[in-house]
Amino acid sequence: MQFQQLQYFVAVAETRHFTRAAERVHVSQPSLSQQIRALERELGAELFSRARGNIALTDAGEALLPLARRILADADTARHEVQELAQLRRGRVRLGATPSLCTGLLPDVLRAFHDLHPGIELLIEEGGSHDLVRELARGALDLALVVLPLPTPSPALTTVELLQEDLVVVSSAASPAPRRPVRIADLQGEPLVMFRHGYDLRELTVAACRAEGFEPAFTVEGGEMDAVLGFVRAGLGLAVVPRMVAARAGRDLRVTALARPGLRRTIALAHRSDVAPPRAARELQRLLLRTRTAAPRGAGADA
């Protein structure tokens, strides 16, 4: 049974005339008749009664007609759905990102993507790079923004470096201004507000302090990005955060650069090497790759 044969069958059933049906489907009448006979042979039953030139459906034809219409309708729906996806009218993108990138980098990029493709659903998952790599590997994400180097390098992933971003020190605007610029060694003995375990920023900050020969002192630890910034605003201590996050944090926080060489992190876009991202994900990937210039970096002045 061929799809085209069902089209011809429905045309004859609706027009009750072979010639008019052939005109409707834009084929010759002999070709249409031949295909109808082939369909009847395939099904083992006559579909039309042709007595005295009158075309009527047989019992077999009556049984087939609603099924054939449903098959043709489903095919039209499938064609429409695929075209919608191909033209980015519908679909979804599953993007993973570290919480700081959700706060700093993503809002502007996602707004630009939504303006271009308002029908695409954006599903965002926040997590540390280790968790995001695992979600990518099991197919739960299309793309992920991660911090390099990856905690567990994986040959199954393709990573493209997007940008390098400086880290800065934030403090309450009401607290005494720290010396400018701040060295990592200056954080010894200073009360720090620290992220929960699993945050790339926590690991980077603690490693930098240990490289200077001291263990950082935490007044509060275990928070997410918004909580950490809130605790800093309340005067509970300092925090080391990405510059893009600090730029969005508001005037009630003081932002101070780290003295050279400072701290910098590398942001990369990752996807599975063995599976091409969906069309909508590739469009978001294209927008993200436009950020491959370095993030703004400050000198030593407060901002």
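**Close-up views of a predicted model**

**View 1. Met 225 and its neighbours.** Leaving aside residues up to four places away in sequence, Met 225 touches Ser 100, Thr 103, Phe 195, Tyr 199, Leu 201, Val 241, Pro 242 and Val 245. Keep in mind for this and every other view that the model is predicted. Met 225 belongs to helix H9, which covers residues 225–233. Is Met 225 buried or exposed? Its relative accessibility is 2%, so Met 225 counts as buried. For a sense of scale, pick out Glu 40 as well: its C-alpha atom and that of Met 225 are separated by 69 Å, and the two residues are 185 apart along the chain.

**View 2. The ring pair of Phe 195 and Tyr 199.** Two of the residues that Met 225 touches, Phe 195 and Tyr 199, also form an aromatic pair with each other. A pair of rings like this is described by how far apart the centres are and by the angle of the planes. Here the rings are stacked, at 4.8 Å centre to centre and with 10 degrees between the planes. Phe 195 and Tyr 199 are both buried.

**View 3. A cluster of phenylalanine rings.** The structure holds three aromatic pairs. Which residues do ring pairs link into a cluster? They are Phe 9, Phe 18 and Phe 48. Zoom in on Phe 9 and Phe 48, and you have a tilted pair, 5.4 Å centre to centre with 50 degrees between the planes. This pair links distant parts of the chain, since Phe 9 sits in helix H1 and Phe 48 in strand E1 (residues 48–49), 39 residues apart. Phe 9 is buried, and Phe 48 is buried too.

**View 4. Helix H1 against helix H4.** Phe 9 turns up again here, this time as one of the H1 residues in the contact with H4. Two packed helices are described by the angle between their axes and by the distance between those axes. For H1 (residues 3–15) and H4 (residues 59–86), the axes come within 9 Å and cross at roughly 120 degrees. H1 and H4 are therefore oblique to each other, and their crossing is left-handed. On the H1 side, the contact is made by Phe 3, Leu 6, Gln 7, Phe 9, Val 10, Ala 13 and Glu 14. On the H4 side, look for Gly 61, Leu 64, Leu 65, Ala 68, Arg 69, Ile 71, Leu 72 and Ala 75. Sorted by class, the residues of this contact are eleven nonpolar, two polar and two charged.

**View 5. Helix H6 against helix H11.** The axes of H6 (residues 106–116) and H11 (residues 279–289) come within 10 Å and cross at roughly 130 degrees. The crossing of H6 and H11 is right-handed. From H6 come Leu 106, Val 109, Leu 110, Ala 112, Phe 113 and Leu 116, which meet Ala 280, Glu 283, Leu 284, Arg 286, Leu 287 and Leu 288 of H11. How many polar residues does the contact of H6 with H11 have? There are no polar ones, with ten nonpolar and two charged residues making up the contact.

**View 6. What covers H11.** The buried residues of H11 are Ala 280, Ala 281, Glu 283, Leu 284, Gln 285, Leu 287 and Leu 288. Their cover includes H6 and several strands: E3 (91–97), E4 (120–126), E5 (143–148), E6 (157–172) and E11 (264–272).

**View 7. Two cis peptide bonds.** Most peptide bonds are trans. The bond from Leu 148 to Pro 149 is cis, with omega near -5 degrees. You'll find Pro 149 in the loop between E5 and E6. Arg 260 and Pro 261 are also joined by a cis peptide bond, with omega about 5 degrees. Pro 261 is in the loop between strand E10 (253–257) and E11.

View 8. Most residues other than glycine have a negative phi. Arg 16 is not a glycine, yet its phi is positive at about 55 degrees. Arg 16 lies in the loop between H1 and helix H2 (18–25), and with 37% relative accessibility it counts as partly exposed. His 26, not a glycine either, has a positive phi of about 65 degrees. The loop between H2 and helix H3 (29–43) is where His 26 is found, and at 72% relative accessibility His 26 counts as exposed.

Note on methods:
Residues are numbered from 1 along each chain as its sequence is written. This is a predicted model: local features need pLDDT of at least 70, side-chain atom pairs count only at pLDDT 80 or more; totals for chains, interfaces and linings use all residues. Side-chain values use heavy atoms; hydrogens and water are left out. Axes are lines fitted to C-alpha atoms, for helices over the stretch in contact, and angles run from 0 to 180 degrees between N-to-C directions. Helices (H or I, at least four residues) and strands (E, at least two) are DSSP runs, numbered from the N terminus. Angles under 35 degrees count as roughly parallel, over 145 as roughly antiparallel, 65 to 115 as roughly perpendicular and the rest as oblique. A crossing is left-handed if the near helix is turned anticlockwise from the far one by less than a right angle, and right-handed if clockwise. Contact means heavy atoms within 4.5 Å. Ala, Val, Leu, Ile, Met, Phe, Trp, Tyr, Cys and Pro count as nonpolar, Asp, Glu, Lys and Arg as charged, and the others, Gly among them, as polar. Rings of Phe, Tyr and Trp (its six-membered ring) pair if their centres lie within 6.5 Å; planes under 30 degrees apart count as stacked, over 60 as edge-to-face and the rest as tilted. Buried means under 20% relative accessible area, exposed over 50%, partly exposed in between (1.4 Å probe, protein chains only).
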